[in-house]
Amino acid sequence: VLKVVGALFNRENVLKPPELTIKSQDVNGNLVLIEGTTDRNAQLFINDVPVQVNPDGTFIHTIHFSKIGKYKITFRVVSASGSETTLEKFATIYDE
């Protein structure tokens, strides 16, 4: 019985940090449109804001910045087991 449970409940997969891929990060005026993928059962936060992950693991999120400048965007993904992946990217908002 233990071998069957071990095979079904692979400990390596449970402890593995969730995947995170940013497919695009487009700046349009003072808006940044982010598209990407992650594990479908993970919780995603962008700059500490919860972001909905679709059943296929894709997501789309828009961030509004009120001033020109260079901004850090922090992505944090938390798996059901509590393991995390973090990623930082930057976006520059220019004067139009």
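Phe-65 is buried, at 9% relative accessible area, where buried means under 20%, exposed over 50% and partly exposed in between, using a 1.4 Å probe and protein chains only. The model is predicted, so local features need pLDDT of at least 70 and side-chain atom pairs count only at pLDDT 80 or more, while totals for chains, interfaces and linings use all residues. Residues are numbered from 1 along each chain as its sequence is written, and side-chain values use heavy atoms, with hydrogens and water left out.

**Aromatic rings and charges**

- One aromatic pair is found in a search of the whole structure; rings of Phe, Tyr and Trp (its six-membered ring) pair if their centres lie within 6.5 Å, and planes under 30 degrees apart count as stacked, over 60 as edge-to-face and the rest as tilted.
- Phe-65 and Tyr-71 form a stacked pair, because their ring centres are 4.1 Å apart and their planes are at 20 degrees.
- Tyr-71 is partly exposed, with a relative accessibility of 22%.
- Lys-70 lies over the face of Phe-90, 5.0 Å from the ring centre, and the charged end of Arg-76 sits over the ring of Phe-45, at 4.6 Å from its centre. A charge sits over a ring if NZ of Lys or CZ of Arg is within 6 Å of the ring centre and within 35 degrees of the ring normal.

**Strands 6 and 7**

- Strand 6 (residues 69-78) and strand 7 (residues 84-93) run antiparallel and are joined by ten bridges. Strands are DSSP runs (E, at least two residues) numbered from the N terminus, and two of them pair if DSSP finds at least two bridges between them.
- Tyr-71 stands opposite Ala-91 in strand 7.
- Five residues lie between the strands of this hairpin, in which Gly-82 takes a positive phi near 100 degrees.

**The largest nonpolar core**

- The largest nonpolar core has 17 residues, of which Ile-34, Leu-44, Ile-46, Phe-59 and Ile-73 touch the most other members. Such a core is a set of buried Ala, Val, Leu, Ile, Met, Phe, Trp, Tyr and Cys residues joined through side-chain atoms within 4.5 Å.
- Strand 6 gives the largest share of this core, three residues.
- Beyond residues up to four places away in sequence, Ile-73 touches several residues, including Ile-34, Ile-46, Phe-65 and Ala-91; contact means heavy atoms within 4.5 Å.

**Ser-24**

- Ser-24 is in strand 1 (residues 20-28) and is buried at 18% relative accessibility.
- Apart from neighbours within four places in sequence, Ser-24 is in contact with Leu-33, Ile-34 and Glu-35.

Technical notes. Helix = DSSP H or I, 4+ residues; strand = E, 2+ residues; numbered from the N terminus.
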